[in-house]
Amino acid sequence: MENAFAPISEACVKALSDKTYEKRKVAALEIEKMVIDFKSKKNMPQIKRIIDVLSKDFVRSNDSNKKKGGLIALAATSIALGKDTERFIEDIVNPIMNCLIDSDNRVRFFASESLYNVVKVARGAVLPFFPSLFNALSRLVTDPDQSIKNGSEILDRLLKDIVIESSQTFDLDAFIPLVRERIMVKSSFARQFIISWISVLNAVPEINMVVFLPEILHGLFQMLEDPLPEIQRMCESLLAQFLKIIKLEPGAADIPTMTNVLIVQAQSNNALIQFYAITWIKEFVQLSGGEILRFSSGIFTAILPCLAFESESRKHIKDCANAVNLNLLELVSNGEDKQKNLGYLDLSSVMEVLRQYLVHSPVPTKIAVLKWVHHLFTEVHDEMSEHANKLFPVLLRDCLSDSSDEVVLQAIVVLAEIVNSATVKGNDFDQTQYRQFLVELLNLFSENNTFLEKRGTLIIRQLCRLLNAEYIYRTFAEILLEERINLKIASTMVRTLNMILLTTSDLFDLRNMLHDIRNEKSASLFECLYKCWAHCPVSTLSLCLLAQCYQHVSEIVALFADIEITVEFLVEIDKMVQLIESPIFASLRLALISHSNDNADAQHLSRALYGILMLLPQTEAFHLLNNRLQCVPNYWNQPNKISQSTNESQCNIKFDELFTYFKYIQDLHHQKRVEKRKKNQF
């Protein structure tokens, strides 16, 4: 009967199927000799027959021993063929690779060993099967059997050497999809395998891996979160290599596509991923110049939250994010390329992001956003004008109410810039814009009296520094003149404005203006303020003292006898007495001994101050004012010698009408208090 396994002998077949490795090895050596003999005789059909028998009857058998024997024999066949293995490479490699997924650990081990021997002989001839080999290796590196893992590492190194040798003909386009399919794996061994392959190919001068980087960058960043420090270090090293290449040849890199990837990674909860992503963004900003501004909204989304990091462990991330922020600011204000750079900026998307971060964000983030908004208004105020309406509610309702003084002050800087950029008409201002803004601010104060008391002074002082203080005061006064419902807010607001006027160095010029009411402009401002200040009698008194209307002051003090003296009133009087001793009222103190206009102003002032003294309980303020008046000449013995030439007489202000208005407003407040008391009784 003819041998079905011919030309392999029955004895060899039996040995090749034996359960012991030694017998299978002897049989494989016999086959190796047969192949060498057939090769020398150029009998390729017989060699083909041997390979077919080994493949069909052994490697594809259900008997694991036959599989092992067939695998060893195929490797022996390849060794015997040497370079001629290329002629039978498909018939040899495919059966072996099928065994790499066998359920038997030993079969998989012998398959990997056999494949190594075949690849070692065939070398470049196996490259057409590279995708299949790569797939097989990617599985072997995660095999639960350690011996198989070890064997796969040897095979992996060999295949890398072959690829490097054949780098000029290596099909990189076929390799990248293989990597892309596996780049998101979670296994540390699989990640190590992928990183090592990318690193090896990236080190080959003839291969430009940067071109394909956008396809795998996301996966590489995800590998940074691997729990094994070794994998993290490998990934960090690979990313550093790529970044170095990009910095040397930025034109070869697809920076726009990668920037989008980095923006996503920069929002990771993993500190390492976040740091490297922002580091790359920083480098891209420097490499790309103004073109990177087209990604501003995304970059802001990534870096703005990082500016608020406080822990030492994330300080490096915060510093890097700060650097990105400053670089972007510089691009927007770059003198030479400013217009070109601004052309890349999608202002609508940028403002949408910035506006979102003004609400419910940490203080450092809000500060950075406010500085950006201010910067944009100064650089492109025309384009920003359409965004002002959307910004105003956020700035007023959220930022001015923020618990941080720094946020409040910076928000006022932005608001002032918006008002200024919208109102400048040549060298003058459009007061309508001021009014609209201050009405909104006053509404905010009205809604929250505590807010006015806690933050009113800070906000108004900052506004006066940044805007026209005269217009601020005049406009506030005009608005408050219309206030007839909430008289309490009106009086509180007047007290706040008055205290700022009398104590803030920034309002020196405004005080000087009011100091000389003989000037028509000063008189107009005084009248405007007076009618508003009438809501608070002590503030009215202070304003008149500042304007040196001493005769009118004495008339108001005399009226205090008919006004309800409340605790609030006495507290205000106490504060005013303290202010009289301040440098701001130095001219008042000197006026007490002035000989001008026959001592008229001095006498009126002296009598007014004595009147105030009589209203005070004997507190510290009483003794302070009393001591001051002890230094004043006695004018009581010359009542009929008071000159009619007072400061009031030298201006066009109708003090009689003002006095009548003052009494009218005080009557309104009195009625309001009475109504409140009646209401509380029921």
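## The largest cavity

Let's start inside: the largest cavity is lined by Arg-495, Asn-498, Met-499, Val-538, Ser-539, Ser-542, Glu-572, Lys-575, Met-576 and Leu-579. On a 1 Å grid over the protein atoms alone, a cavity is a set of points where a 1.4 Å probe fits but cannot get out, and a lining residue has an atom within 4 Å of a point. This is a predicted model, in which local features need pLDDT of at least 70, side-chain atom pairs count only at pLDDT 80 or more, and totals for chains, interfaces and linings use all residues. Residues are numbered from 1 along each chain as its sequence is written, and side-chain values use heavy atoms, without hydrogens and water.

The largest cavity holds about 60 Å³ of space, a volume being the space filled by probe spheres set on grid points joined across faces, edges and corners. Helices H26 (487–503), H29 (537–546) and H31 (567–580) each give its lining at least two residues; H31 has the largest share, with four. Helices here are DSSP runs (H or I, at least four residues), numbered from the N terminus.

## The largest pocket

A pocket is an open set of points with protein on both sides within 12 Å along at least five of seven lines. The largest pocket has about 550 Å³ of space. Its lining counts 24 residues, and Lys-488, Ser-491, Glu-568, His-669 and Arg-673 are the closest to its centre.

H26, H29, H31 and helix H35 (655–681) each give two or more residues to this pocket's lining, and H35 provides the largest share, seven residues.
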